[in-house]
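Please keep the sequence and the model in view while reading.

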Amino acid sequence: MTAVSSALAGKVALVTGASSGIGEATAVALAAAGAKVAIAARRADRLEALAARIEKAGGTALRIAADVTSNDDVTAMVDKVVAEWGRLDILVNNAGVMLLSPAAEAVLDDWRRMVELNLLALMGVTKAALPHLRAAKGHIVNVSSVAGRVANPGASGYAATKFGVVGFSESLRREVYSDKVRVTVIEPGLVRTELGDHITNPAAKTGLDQRLAAMEALAAEDIAAAILYAVSQPAHVNVNEIVIRPTDQER
Ligand SMILES: NC(=O)c1ccc[n+]([C@@H]2O[C@H](COP(=O)([O-])OP(=O)(O)OC[C@H]3O[C@@H](n4cnc5c(N)ncnc54)[C@H](OP(=O)(O)O)[C@@H]3O)[C@@H](O)[C@H]2O)c1
């Protein structure tokens, strides 16, 4: 992290899934741009290390151990941010899991987990944060995927959740734009993170590993830069959607 700048000075951000990958890189980028950043995930030790890194670089971080599939945790998470800093300007709904498998081989609990986290939790966090985002004329950034626009075989369950995020976000944008609340959907292609580690289908895991080995994938910081771009625009500019693939990725 470079020295703290003032692009987002006075802004308060909440990033879910901040303990690794895209969420971690986004928290670092927003803090470096001057925002106070609440970092939420289940792994408290990882949040501790990230907060220390942000603070060492001159930024401000608030650690919140939370499972965003728990309504109680979501309420407590949003309340904690507002109790600590009095406002919420930027919500980055990033927590997610990608449990790839062909539909015929799908483990129902994997599908349930993806729907509950990627879609329902994102919706629940948004609802809980919305009154504060309206008050602040804030910004919601929903991390979807290329899989929310292009449905490839072997990813039906994951694609269902990410298409859902796109539909939710577009409807939401049209509900809140008149309150000057902005909504951005980020749609990354392959990014080198821990996302594939949780895949339970061995062939799907091998397939992903082979795709990653054969290309120069994106880094989490590439996506963080896109999120920073979206939330740094002037108030009248609503960046609705950013699709970012590695140059090596066709679909
Ligand atoms: N990597 C890619 O190629 C790629 C491409 C397109 C879209 N995306 C999307 O980008 C987002 C971030 O993924 P990533 O690639 O950065 O993967 P990652 O490194 O595995 O990060 C996932 C994050 O979600 C958090 N999380 C998981 N379950 C949670 C829960 N129940 N409550 C709260 N937090 C939870 C994890 O933290 P804890 O385990 O500590 O809770 C972790 O911080 C996801 O929505 C993913 O679908 C990724």
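The model is predicted. Among the elements that cover the buried residues of helix α5 are α4 (108-136), β5 (139-143) and β6 (182-188).

**Helix α5**

- Helix α5 comprises 21 residues, numbered 156-176.
- From its first C-alpha to its last, α5 reaches 30 Å, which is close to the 30 Å expected at 1.5 Å a residue.
- The buried residues of α5 include Gly 157, Tyr 158, Ala 159, Thr 161 and Lys 162.
- Further along α5, Val 165, Val 166, Ser 169, Leu 172 and Val 176 are buried as well.

**Packing of α4 with α5**

- The axes of α4 and α5 come within 8 Å and cross at roughly 15°.
- The two helices, α4 and α5, are therefore roughly parallel to each other.
- The crossing of α4 and α5 is right-handed.
- On the α4 side, the residues that meet α5 are Trp 111, Met 114, Val 115, Asn 118, Leu 119, Leu 122, Met 123, Thr 126, Leu 130 and Arg 134.
- On the α5 side, the residues that meet α4 are Ser 156, Gly 157, Tyr 158, Thr 161, Lys 162, Gly 164, Val 165, Phe 168, Leu 172, Glu 175 and Val 176.
- Divided by class, the residues of this contact between α4 and α5 are 12 nonpolar, six polar and three charged.

**Packing of α1 with α7**

- Helix α1 (residues 21-32) packs with helix α7 (residues 220-231) at an angle of about 50°, and their axes are 8 Å apart.
- This angle makes α1 oblique to α7.
- Where α1 passes α7, the crossing is right-handed.
- Helix α1 contributes Gly 21, Ile 22, Ala 25, Thr 26, Ala 29 and Leu 30 to the contact.
- Helix α7 contributes Ala 220, Glu 221, Ile 223, Ala 224, Ile 227, Leu 228 and Val 231.
- The contact of α1 with α7 consists of 10 nonpolar residues, two polar residues and one charged residue.

- Ser 101 is located in the loop between β4 (90-93) and α4.
- Ser 101 has a relative accessible area of 8% and is therefore buried, the cut-off for a buried residue being under 20%.
- Leaving aside residues up to four places away in sequence, Ser 101 touches Ala 106, Gly 154, Ala 155, Ser 156, Asn 201 and Ala 204.
- One of these partners, Ser 156, also belongs to the α5 side of the contact with α4.

Key: Residues numbered from 1 in each chain as written. Predicted model: local features only at pLDDT ≥ 70, side-chain atom pairs only at ≥ 80, totals over all residues. Heavy atoms only, no water. Helix = DSSP H or I, 4+ residues; strand = E, 2+ residues; numbered from the N terminus. Expected span 1.5 Å × (residues − 1). Buried < 20%, exposed > 50% of the residue type's maximum accessible area, 1.4 Å probe, protein only. Contact = heavy atoms within 4.5 Å. Axes fitted to C-alpha atoms, helices over the stretch in contact; angles between N-to-C directions. Parallel < 35°, antiparallel > 145°, perpendicular 65-115°, else oblique. Left-handed = near helix turned anticlockwise from the far one by under 90°. Nonpolar A, V, L, I, M, F, W, Y, C, P; charged D, E, K, R; others polar.
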